[in-house]
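Good morning, colleagues. Please have the sequence and the model before you.

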Amino acid sequence: MSFEDLVKSARSYRRFSAKPLPQDFLHRMVSYARFSPSSKNLQFLKYMIVSSEKGKNALFPVLKWAGALTEWDGPSEGERPQGYIVILLDKSLSPNPSCDHGIVAQTMQLGAAEEGVGCCMIGSFGKSTLSQVLDLPEDLTPCLVLAFGYPGETILLEDASNPENVIYYRDSSDVHHVPKRPLSELIAGEK
């Protein structure tokens, strides 16, 4: 698979199949994150792996799934993720995550896509509620949640027919459409 195809396949999947992930999959994703660049190489991020049924059932209701799909409350029982990785800031090592959580999240999402596994990065959750659900110590604060599972939906990338409206949507066949601005609109200039 070319790198461009890999990037195109690394979408925000919000519905998953019931097929279980390989046993070492989530640990492998954290290993990819471990080798990612880190601000000042401080490596101040930690990772909570959530793969037990009890853990997944406790975490799921804390997450908000798709802001643009106002009529949809998230994946139904048979479409939920098979595992999660919660990216945590270790405040004893740094007061803020800089951009590191985005770097490691994208690294894990690309690693998952290479294996045919879908991922959704979720930043919409109550930090204190999530901390309570995970029973986190005070020095660890959640930055981002990554949901993983084999894709259970079709996602189409397409050129935005109207660059003013790039909101994703689902059509009557339940296909998830993701309009993208044209490249000419993204390049601010060249010198």
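Is K8 buried, partly exposed or exposed? K8 is partly exposed, with a relative accessible area of 43%; here buried means under 20% relative accessible area, exposed means over 50%, and partly exposed lies in between, for a 1.4 Å probe and protein chains only.

A word on the source. This is a predicted model, in which local features need pLDDT of at least 70 and side-chain atom pairs count only at pLDDT 80 or more, while totals for chains, interfaces and linings use all residues. Residues are numbered from 1 along each chain as its sequence is written, and side-chain values use heavy atoms, with hydrogens and water left out.

Let me turn to the salt bridges. A salt bridge is a side-chain nitrogen of Lys or Arg within 4 Å of a carboxyl oxygen of Asp or Glu. The structure holds 10 of them. One joins K8 to E4, at 3.0 Å from N to O. These two residues are 4 apart in helix α1, about one helical turn; helices are DSSP runs of H or I with at least four residues, strands are runs of E with at least two, and both are numbered from the N terminus.

Another salt bridge pairs E115 with R28, at 2.6 Å from N to O. This pair links distant parts of the chain, 87 residues apart: E115 is in the loop between α4 and β3, and R28 is in helix α2.

Next, R14, which is located in the loop between α1 and α2. R14 is buried yet has no salt bridge, and the nearest side chain of opposite charge, E153, is 5.7 Å away; Lys and Arg count as positive, Asp and Glu as negative, and His and the chain ends are not counted. A polar atom of the R14 side chain lies 2.8 Å from the backbone oxygen of W65.

Finally, helix α5, residues 127-134. Its buried residues are L130, S131 and L134. The buried residues pack against β1, α3, β2 and β4, where contact means heavy atoms within 4.5 Å.

Note on methods
A polar contact is a pair of N or O atoms within 3.5 Å; within protein, one must be able to donate a hydrogen and the other to accept it, and residues adjacent in sequence count only if both atoms are side-chain atoms.
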